[in-house]
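Please look over the sequence and the fold shown below before reading on. The report that follows takes up the sheets, the core and the aromatic contacts in turn.

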Amino acid sequence: MISTHDSRMESAHYARMGRQECEKIHMATLEILERTGVDVHDEQAREILIGGGARADGIRVRIPEFMVARALAQVPRRLTLYDRNKQPAIRAWGYRTYYGGGSDCLNILDHRTGLRRKPVLQDVIDAVTVMDALPEIDFVMSLFLPSDVDQQIYDRYQMEVMLNHTTKPIVFVSPDFEGCRAAVEMCEAVAGGEEAFRRHPFATCYINVTSGLTANQEALRKCIYLAEKGLPQLWIPLNAGGVNSPATTAGCMASMNAGILTGVVLAQLVREGSPVAVPGWNGGPYNLKTMVGNYVLADEQGVPTAMGKYYGLPVFGLGGATDAKVLDQQAGMEITVSLMTALIHGANIVHDVGFMDAGLQGSLQLQVIANETIGFLRAATRGVVVDDETLALDVIDELGPTGSYLQHPHTLRHYKEPFHSRLFDKGPYSLWLKKGGMTMEQQAATAIDEILKKHRTEPLPEEVRRAIKAIVQREQAWIDGSNAGR
């Protein structure tokens, strides 16, 4: 069964691995956790795990099966994100799929010039504005790493922009623990306090973990902090098959899964019932020909998502990305395939829409094109309503073989229901020429300019804007003071 939000169909579900394969990987993961263990690079995290029943030899921590079973019984199967107005916007469980951008691209493919350049903070503002406006984009990320702010705290500036320029849910990334804490403080200022944000979280942290068998200190501190607050987190260890894990898909996934379950166990020891989402990509062979961390590879598709479904946990997936450098046929194929596989496998929160060049480049044009692709895919996998109204037997009998349906009330009630892209050209060649003979790339650029000209987000109250700004200024002063003392 596929669900796109709450529109279901019973016949289109696809799983890359069956329950038997998932069970084998799970059992292998339990052996890895007990026999090999995971390097846990944080003393507090080690103490929490030891207190829960784990064994430690230096930084190496071995976790017994009963701890995993206990944590899996405690972790919620649902993760809900709200919009800024406290309305449920993402119900991340089952086969509900939601799409959004990515973060921290070091380059932008400028839609005005077609050239690659370094992004600035205004590009983050533009990206958030575009994502806020696109109807098929469900959550927002920063997309770009701005080069014109202090690089030690760029994430604080990104968060300020996102809070000011979207009402949609936010997924944020921070290079350090202090950035995660500052982002939560900003969210609490918007929500009206710590408890208000905990009850209606409209933002969540994407925690990058070094690998399946190595949990870095910054990631562990974020995990503990968010769990203490009862906030949802995206705990994402990633392996590179053939580099830091076996080159086989099963071995790569099993060792990565050890890191995933370590985070689930830790979060539940800190606070039972802490929501945790797990990865829906990677877990397969690295591209050893190029040694580039490609974003769209065939062998890993659906493998981590299958494990997430096996555990019944929310899945943080990847789609709408490409390793292409320009908006060419490769880009079109890879964004479509990755969006489709994320959907049919059942990933819940699917990020990186608009990513190019192995995550080094972002494109607003690609986001606009992907927005139309998502609309198509959602329509193509949506359930078909079969009832008296849609069967229209009385209408068929009334009009017979030669009657015209064009002006019939039944047509007027339903003709707006099918999906029709506003961007893809479906008219005759002569009309396309008359409109300027624009390529998809050109149409997407025009659409971006229209959004940036017309779209306005509901502004935050002035006192809230000042409170957010004060946190950013405090962080900048802290960094300036730290640098001055060196």
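Is Trp281 buried or exposed? Trp281 is buried, with a relative accessible area of 10%, where buried means under 20% relative accessible area, exposed over 50% and partly exposed in between, computed with a 1.4 Å probe on protein chains only.

## Basis of the report

This is a predicted model, in which local features need pLDDT of at least 70 and side-chain atom pairs count only at pLDDT 80 or more, whereas totals for chains, interfaces and linings use all residues. Residues are numbered from 1 along each chain as its sequence is written, and side-chain values use heavy atoms, with hydrogens and water left out.

Seven strands form an open sheet with parallel pairing, in the order 8-17-16-15-14-12-11; helices (H or I, at least four residues) and strands (E, at least two) are DSSP runs numbered from the N terminus, and two strands pair if DSSP finds at least two bridges between them. Strand 8 and strand 11 stand at the edges, each with a single partner strand, so one side of each is left without a neighbour in the sheet. Helix 5 (residues 154-165) packs on this sheet and touches strand 11 and strand 12, its direction making about 180° with that of strand 11; such angles run from 0 to 180 degrees between N-to-C directions, with axes fitted as lines to C-alpha atoms, for helices over the stretch in contact.

Strand 12 (residues 203-209) is mostly covered, since six of its seven residues are buried. Three bridges join strand 12 to strand 11 (residues 170-172), and the two run parallel; Ile170 stands opposite Ala203, and Val171 stands opposite Thr204. Strand 12 also pairs with strand 14 (residues 233-237) in the parallel sense over five bridges, with Leu234 in strand 14 as the bridge partner of Tyr206.

Another open sheet is formed by four strands in the order 4-5-3-13, with mixed pairing. Strand 4 (55-57) and strand 13 (214-215) stand at its edges, each with a single partner strand, so one side of each is left without a neighbour in the sheet. Strand 3 (residues 38-40) and strand 13 run parallel and are joined by two bridges, and the bridge partner of Val40 in strand 13 is Ala215. Helix 2 (residues 43-51) packs on the sheet, where it touches strand 3, strand 4 and strand 5 (60-62), and its direction makes about 125° with that of strand 3.

## The nonpolar core

A nonpolar core is a set of buried Ala, Val, Leu, Ile, Met, Phe, Trp, Tyr and Cys residues joined through side-chain atoms within 4.5 Å. The largest one has 139 residues, and those with the most contacts inside it are Met159, Leu163, Phe172, Tyr206, Phe316 and Ile349. Helix 9 (residues 249-270) gives the most to this core, with 10 residues.

Leaving aside neighbours within four places in sequence, Phe172 is in contact with residues including Met159, Met162, Cys180, Val184, Ala203 and Tyr206, where contact means heavy atoms within 4.5 Å.

## Aromatic pairs and charges over rings

The structure holds eight aromatic pairs; rings of Phe, Tyr and Trp (its six-membered ring) pair if their centres lie within 6.5 Å, and planes under 30 degrees apart count as stacked, over 60 as edge-to-face and the rest as tilted. One of these is the edge-to-face pair of Phe177 and Tyr225, at 5.5 Å centre to centre with 90° between the planes. Phe177 lies in helix 6 (residues 177-191) and Tyr225 in helix 8 (residues 217-229), so the pair ties together parts that are 48 residues apart in sequence. Both Phe177 and Tyr225 are buried.

The rings of Trp281 and Phe316 have their centres 5.7 Å apart and their planes at 70°, so this pair is edge-to-face. Trp281 lies in the loop between strand 15 (276-279) and helix 10 (303-311) and Phe316 in strand 16 (residues 315-318), so the pair ties together parts that are 35 residues apart in sequence. Phe316 is buried, with a relative accessible area of 0%, and ring pairs link Tyr206, Trp281 and Phe316 into a cluster.

A charge sits over a ring if NZ of Lys or CZ of Arg is within 6 Å of the ring centre and within 35 degrees of the ring normal. The charged end of Arg78 sits over the ring of Trp93, 5.4 Å from its centre, and that of Lys309 sits over the ring of Tyr95, 4.7 Å from its centre.
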